[in-house]
Amino acid sequence: MDRHATHTDSSRQPAARGQRAFTLVEILIVVVILGILAATVVPSFANAIEPSERSAFATSLRSFAQSTELYRVQEGGYPQDSTSGEIPDGLEDYIDVSTWRSETPIGGLWDSESELDGAVFGIGVHFMTDEPRDSVYMTELDALIDNGDLTTGGFQQFEDDRFYLVLQFED
């Protein structure tokens, strides 16, 4: 056989008798089944968002608190109070600046506060422009961080829109 002889390309041949493509009805049935499966799976992912936001907030809050304690030890005191969303002077060398300047995972802005009611210094969230999270949500968050009671312990509510992890209470 001549090696230059042409051979037929099987992809160009018409389908053999007995083979057929999917019908429109069969395709529609598959689409409906996939839609039903998606409708059952998507809510599961939606329900996973809030716990992950709370967990991310708690992790960042603990990290900021530890960094602030390191600052206190090395600098001899806590940093000065700052405006919500702004990094306290000197703390930028101790924390992840981009995380601090971003909205918290639960909404609102990161904030440091000195001379809170009964506390020397705290770090937390200030819901300035957002609707504050409801008490149930924040109590569940408090259970991750502290004791599950926003009126006692280290993580407390100080105003309707302010929640702080107190790093030092007044004597």
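**Close-up views of a predicted model**

View 1. Strand β1 (residues 109-116) runs antiparallel to strand β2 (residues 119-126), and the two pair over seven bridges. Strands here are DSSP runs of E with at least two residues, helices are runs of H or I with at least four residues, and both are numbered from the N terminus; two strands pair if DSSP finds at least two bridges between them. This is a predicted model, where local features need pLDDT of at least 70 and side-chain atom pairs count only at pLDDT 80 or more, while totals for chains, interfaces and linings use all residues. Residues are numbered from 1 along each chain as its sequence is written, and side-chain values use heavy atoms, with hydrogens and water left out. Look for L109, whose bridge partner in β2 is H126. Two residues sit between the strands of this hairpin, and G118 takes a positive phi near 85 degrees.

**View 2. Salt bridges around R162.** A salt bridge here is a side-chain nitrogen of Lys or Arg within 4 Å of a carboxyl oxygen of Asp or Glu. E113 makes one with R162, with the closest N and O atoms 3.1 Å apart. E113 belongs to strand β1 and R162 to strand β4 (residues 162-169), so this pair ties together parts 49 residues apart in sequence. Both E113 and R162 are buried, where buried means under 20% relative accessible area, exposed over 50%, and partly exposed in between (1.4 Å probe, protein chains only). E159 also forms a salt bridge with R162, at 3.8 Å between the closest N and O atoms. Together, D111, E113, E159 and R162 are linked in a salt-bridge network.

View 3. E140 sits in helix α3 (residues 135-145) and R54 in helix α1, so the pair ties together parts that are 86 residues apart in sequence. E140 is partly exposed, at 38% relative accessible area, whereas R54 counts as buried at 10% relative accessibility.

**View 4. Q156 and its surroundings.** Q156 lies in strand β3 (residues 155-159) and counts as buried, with 13% relative accessibility. A polar atom of its side chain lies 2.7 Å from the backbone oxygen of G153. Setting aside neighbours within four places in sequence, Q156 is in contact (heavy atoms within 4.5 Å) with residues including L150, R162 and F169.

Definitions and conventions
A polar contact is a pair of N or O atoms within 3.5 Å; within protein, one must be able to donate a hydrogen and the other to accept it, and residues adjacent in sequence count only if both atoms are side-chain atoms.
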